[in-house]
Structure formats: C-alpha cells, structure tokens
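Subject: Structure for you to look at

Hello,

Here is the structure I said I would pass on. Please look it over first; my notes on what was found come after it.

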Number of protein chains: 2
Amino acid sequence: MCEAHAYILRNDMEEKLLENVDQIDVEGDEIRMINIFGEQRILKARIKSYNNSDSKILLEAIEWKD
Amino acid sequence: MCEAHAYILRNDMEEKLLENVDQIDVEGDEIRMINIFGEQRILKARIKSYNNSDSKILLEAIEWKD
C-alpha cells in the first residue's frame, strides 16, 4: 500500500478528502484527483505539502462549496 | 520502494530533478523538496501532476537558474 491520502485544510482543520490517491492533475487553480478505486474529486485548491512517509497529501482550499 | 521521483518540465522537456522524494512543501511559488537521502532542492515551480503508479511528480518551472 503505497498510495497517499489527500486531506484538505480549511478553517485550520484537516479533513480527509480522498484515500489511496493514484493521480493528481493541476490546471490553474483546479485540482483533479483520482484514486485507485476510480473515485474522483475536482476542486479549487492548491497543493500545500506532500509527505511520502506519512502517505499524506495536504491541499489548501481556494474555494469550497458546502 | 514507494517513493516518487520529481521531474521538472522546461522547454517541453522533462528533466529528473530529485529521486526518492520524501517531503514536498509549497510556500507561494517556492517548492522545497527533500528525499530519503536528505538531499534537498528548492526552486520556483508549480506542481503540475502526481502519479503514484508511475512514481512521478511533475513540476513546471516558474523560474530557473542554470
């Protein structure tokens, strides 16, 4: 299990967004993620950090629709 | 071996920048990367894509000092 999990930071809280991320594409301020199960997330965010040892990708929301 | 390798895209060419990346931190337009051997790269770039299956992180240079 090498896949990292994506979290989104908003209001100083980290929320899990997608597990077992396989692919991320950044196009301007839009991030498109797909995991190994084919689940997809598209959102306006920036990649803030990536840590392989922690299997963690941290995003920072630019805009969020609740 | 789960670590991804970082490549930088410039002049439409992909160049390997750092192998076995452990940590990436993005601060504005600056990216700081460190690998499992403690080697570090700091550069002005954007993360363009990440692919776990290919163990590949692709960066796009904002500015490059040869």
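This is a predicted model: local features need pLDDT of at least 70, side-chain atom pairs count only at pLDDT 80 or more; totals for chains, interfaces and linings use all residues.

A strand here is a DSSP run of E of at least two residues, and strands are numbered from the N terminus. With that in hand, the elements of chain A read β-β-β-β-β from the N terminus on.

Chain A as a whole

For its 66 residues, the globule rule gives 11 Å, and the radius of gyration of chain A is 11 Å, close to that value, so chain A is as compact as a globular protein of that length. The C-alpha trace of chain A spans about 30 × 25 × 20 Å along its principal axes. Of the 66 residues in chain A, 42% count as buried. Taking the contacts in chain A between residues at least 6 apart in sequence, 31% join residues at least 24 apart.

How the two chains are related

Which rotation superposes chain B on chain A? A rotation of 180° does, with 0.0 Å of shift along its axis and an RMSD of 0.0 Å. The two copies are thus related as by a two-fold rotation axis. Both copies use the same surface, as 100% of the contact residues of chain B recur in chain A. Within chain B, the residue that comes closest to the rotation axis is B:C2, at 2.8 Å for its C-alpha.

The cavity

The count comes to one cavity of 30 Å³ or more. The volume of the largest cavity is about 70 Å³. Its lining draws on both chains: A:I24, A:I47, A:Y50 and A:I57 from chain A, with B:I24, B:I47, B:S49, B:Y50 and B:I57 from chain B. Two elements give two or more residues to this lining, namely β4 (40-51) of chain A and β4 (40-51) of chain B. The most comes from β4(B), with three residues. Sorted by class, the lining of the largest cavity has eight nonpolar residues, one polar residue and no charged ones.

The largest pocket has a volume of about 430 Å³. It is lined by 22 residues, and those closest to its centre are A:R46, A:I47, B:V26, B:G28 and B:R46. At least two residues of the lining of this pocket come from each of β2 (13-27) and β4 of chain A and β2 (13-27) and β4 of chain B. As for class, the pocket lining has ten charged, ten nonpolar and two polar residues.

One residue to look at

B:K48 lies in strand β4 of chain B.

Regards

Conventions:
Residues are numbered from 1 along each chain as its sequence is written. Chains are lettered from A and ligands numbered from 1 in the order in which they are written. Side-chain values use heavy atoms; hydrogens and water are left out. Copies are superposed by least squares on the C-alpha atoms of residues with pLDDT of at least 70 in both. Contact means heavy atoms within 4.5 Å. On a 1 Å grid over the protein atoms alone, a cavity is a set of points where a 1.4 Å probe fits but cannot get out, and a pocket is an open set with protein on both sides within 12 Å along at least five of seven lines; lining residues have an atom within 4 Å of a point. Grid points are joined across faces, edges and corners, and a volume is the space filled by probe spheres set on the points. Helices (H or I, at least four residues) and strands (E, at least two) are DSSP runs, numbered from the N terminus. Ala, Val, Leu, Ile, Met, Phe, Trp, Tyr, Cys and Pro count as nonpolar, Asp, Glu, Lys and Arg as charged, and the others, Gly among them, as polar. The radius of gyration is taken over C-alpha atoms; the globule rule is 2.2 Å times the number of residues to the power 0.38. Buried means under 20% relative accessible area, exposed over 50%, partly exposed in between (1.4 Å probe, protein chains only).
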